Amino acid sequence: MDPLTANRSALRYDEQVKAVVAAYKYRGDERLAELFAVLAASCYYRYYSGISFRLITYVPLHDKRLAERGFNQVELIAKGLGRMVGLPVLPLLRRIKYTEKLSIQSGRTARFASMQKAFAPGEGASQSFRLRRSGWLSRKTDRPKVLLLDDIFTTGATVRSCASAIKAIPDFADVEVYSLTLCR
């Protein structure tokens with residue numbers, strides 16, 4: 001069973017978008033975070049406005065990759081999106097397995113294999129007791145829904161691995177995980 005309920009993307013990953021994403025992600029042009037947050041919000045309102053999400057989380061970077069880049073590009077976008085749509089942003093996951101960049105891995109099978117057991121509960125997962133007490137995660141008429149943010153959707157290996165890891169957190173076992181990516 002697929003751990004991911006749905007994915008929607010704001011942009012097609014063509015050569016022009018690839019160049020702008022690279023400027024942000026690899027050359028550290030953090031000014032683009034706000035632009036990408038606006039694009040993510042536009043995608044959110046277009047596809048997900050009728051869904052009652054309880055929170056936003058994002059794909060974490062491994063500590064080694066975070067040290068290389070100096071920032072998590074998706075975290076900045078998630079925080080901007082959270083402000084725009086009025087949802088809390090929690091780091092539910094941490095990356096515990098260092099993997100080669102997916103862009104240089106060949107094939108779908110290699111990407112899915114590299115993402116196996118790559119994520120574990122993060123510091124935001126331990127804050128879930130506050131969310132449950134405040135009613136954010138309590139059962140109402142539907143299952144709680146979490147929005148997972150990432151930058152690029154190619155095979156879906158990363159977001160599916162994250163969705164599985166989120167559902168493995170006891171307080172989140174019954175959630176539906178939707179993803180929103182900038183590009184596909």
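Tutor: A crossing of two helices is left-handed if the near helix is turned anticlockwise from the far one by less than a right angle, and right-handed if clockwise. The model here is predicted.

Student: Which hand does the crossing of H1 with H2 have?

Tutor: H1 passes H2 in a left-handed crossing.

Student: What makes H1 oblique to H2?

Tutor: The axes of H1 (residues 15-25) and H2 (residues 32-47) cross at roughly 130° and come within 10 Å. That angle makes the two helices oblique, because roughly perpendicular ends at 115 degrees and roughly antiparallel needs over 145.

Student: Which residues of H1 and H2 meet, and how many of them are nonpolar?

Tutor: From H1 come Val-20, Val-21, Ala-23 and Tyr-24, which meet Leu-32, Ala-33 and Phe-36 of H2. The contact has seven nonpolar residues, with no polar and no charged ones.

Student: Why are H2 and H4 called oblique?

Tutor: H2 packs against H4 (residues 73-85) at an angle of about 50°, the axes being 8 Å apart. Roughly parallel would require under 35 degrees and roughly perpendicular starts at 65, so H2 and H4 are oblique to each other. The crossing of H2 and H4 is right-handed.

Student: Which residues of H2 and H4 are in contact, and how many are charged?

Tutor: On the H2 side the residues include Glu-34, Phe-36, Tyr-44 and Tyr-45; on the H4 side they include Leu-76, Ile-77, Arg-83 and Met-84. Two residues in this contact are charged, 13 are nonpolar and one is polar.

Student: How do you know what kind of aromatic pair Tyr-44 and Tyr-45 form?

Tutor: Their rings lie 5.3 Å apart, centre to centre, with 85° between the planes. The limit for a pair is 6.5 Å, and planes over 60 degrees apart count as edge-to-face. The pair of Tyr-44 and Tyr-45 is therefore edge-to-face.

Student: Why does Tyr-44 count as buried, and why does Tyr-45 count as partly exposed?

Tutor: Tyr-44 has 7% relative accessibility and so counts as buried, the cut-off being under 20%. Tyr-45, at 45%, counts as partly exposed, because that class runs from the 20% cut-off to the 50% one.

Student: Is Lys-117 buried or exposed?

Tutor: Lys-117 counts as exposed, because its relative accessibility is 71% and the class begins over 50%.

Note on methods:
Residues numbered from 1 in each chain as written. Predicted model: local features only at pLDDT ≥ 70, side-chain atom pairs only at ≥ 80, totals over all residues. Heavy atoms only, no water. Axes fitted to C-alpha atoms, helices over the stretch in contact; angles between N-to-C directions. Helix = DSSP H or I, 4+ residues; strand = E, 2+ residues; numbered from the N terminus. Contact = heavy atoms within 4.5 Å. Nonpolar A, V, L, I, M, F, W, Y, C, P; charged D, E, K, R; others polar. Phe/Tyr/Trp six-rings, centres within 6.5 Å; stacked < 30°, edge-to-face > 60°. Buried < 20%, exposed > 50% of the residue type's maximum accessible area, 1.4 Å probe, protein only.
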